Amino acid sequence: MPKRESISERNQDAATGAEKRRKTALDDAQATAAGTRERRVNDDYAVGWICAISTEYVAAQAFLDERHDRPEYVSVNDNNDYTLGKIGEHNVVIAVLPDGEYGTASAAMVARDMLHSFPNIRIGLMVGIGGGAPTRQHDIRLGDIVVSAPRSGKGGVFQYDFGKTIQDQSFRTTGFLNLPPTVLRTAMSGLKAQYESEGHQLEAAINSVLEKKARLQKKYKRPDPSNDRLYQSEIIHPPNDEKSCATICGDDPPKLILRPERSEDEDNPEIHYGLIASANQLMKDALIRDRLAAEIDVLCFEMEAAGLMNHFPCLVIRGICDYSDSHKNKEWQGYAAMAAAAYAKDLLCRIPPNKVEAEKRVREILSSS
């Protein structure tokens, strides 16, 4: 007589079957996910994107349409961390400077290592945050975007030497750097015309990313406009005082340059095209800022581009997180990084892949110069 199966045995078999089905479903899901991360060879990547800090690196990754597996190999002496993926029809390699390192020399090393490991790179982008130089001619606000663009026949990046000091310190100009690649400047002109005609959707693109990545919202969403304060140039935040400007410097109207709110038919963030000033140290001097803005029409200050332009021909895109004065704070850094990355994605999507492939490899340009 066959042995009768007990109720407990039937329950155990059912549980085992359910566990097997769950495991199969999990394996299928993992296989599907793996399918979206294609493994590619390093020569498949023709666009190099460099970030200076992790905040910019996170923003860049957030705008990838696809994530690829990590590179199969890198050059022996390459110390970069890479994220690989796709934006539009372009395979993009993103790198970030080592933690705690800033300035032109560090940026140049990251670019050099990238070109050793990814020799097919043909166009470059330097995307991240910077300090604005607002004037009556250029109504630059926090969260706006500045794109390096040639002016008066000179390159879009101006190099100078200046210390991380407070006010009234001298500086030394060292000249203008090479023009960005033609294919990037052409796409920039086309995108500028598109935005002027139809407006842009950068804010919507940022919000869409943040809806999908809720953990980023606290740091990367747009801060309240009331936190965008432009102080009169002679108002100085006390050195070595970590308290907020709202507490220390206040928001009394005589201390501020008052600006009207932007209307609904104005772009917000607004994109500004022109000269970016680059040095190896931080600009924290409103008087020097105003002088350079008045004399050579500088729109933005940052710390890395001068290390790239003659070693890694690229377009520089900066989201504005402060006003290059003593009133520094990190509140706008996340949103400014997102704004710059959103613009960079729009720019790449205007460039046909065959136009990129028609460009010379950056390594060839540098070896022949």
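Predicted model: local features only at pLDDT ≥ 70, side-chain atom pairs only at ≥ 80, totals over all residues.
## Overall make-up

The protein has 11 helices and 11 strands. Of its 369 residues, 48% count as buried.

## Helices α5 and α9

Helix α5 covers residues 202-212, and helix α9 covers residues 333-349. The two pack with their axes 9 Å apart, at an angle of about 110 degrees. Angles of 65 to 115 degrees count as roughly perpendicular, so α5 is roughly perpendicular to α9. Their crossing is right-handed.

On the α5 side, the contact is made by Leu202, Glu203, Ile206, Val209 and Leu210. On the α9 side, Tyr335, Met338, Ala339, Ala342, Tyr343 and Asp346 take part. Nine of the residues in this contact are nonpolar and two are charged. None is polar.

## Aspartate 113

Aspartate 113 is found in helix α3, which covers residues 104-117. Its relative accessibility is 5%. Buried means under 20%, so aspartate 113 counts as buried.

The side chain of aspartate 113 makes a polar contact with the side chain of arginine 112, at 3.2 Å. Leaving aside neighbours within four places in sequence, aspartate 113 is in contact with Asn77, Asp78, Asn79, Asn80 and Tyr82.

Note on methods. Residues numbered from 1 in each chain as written. Heavy atoms only, no water. Axes fitted to C-alpha atoms, helices over the stretch in contact; angles between N-to-C directions. Helix = DSSP H or I, 4+ residues; strand = E, 2+ residues; numbered from the N terminus. Parallel < 35°, antiparallel > 145°, perpendicular 65-115°, else oblique. Left-handed = near helix turned anticlockwise from the far one by under 90°. Contact = heavy atoms within 4.5 Å. Nonpolar A, V, L, I, M, F, W, Y, C, P; charged D, E, K, R; others polar. Buried < 20%, exposed > 50% of the residue type's maximum accessible area, 1.4 Å probe, protein only. Polar contact = N/O pair within 3.5 Å; in protein donor to acceptor, adjacent residues only side chain to side chain.
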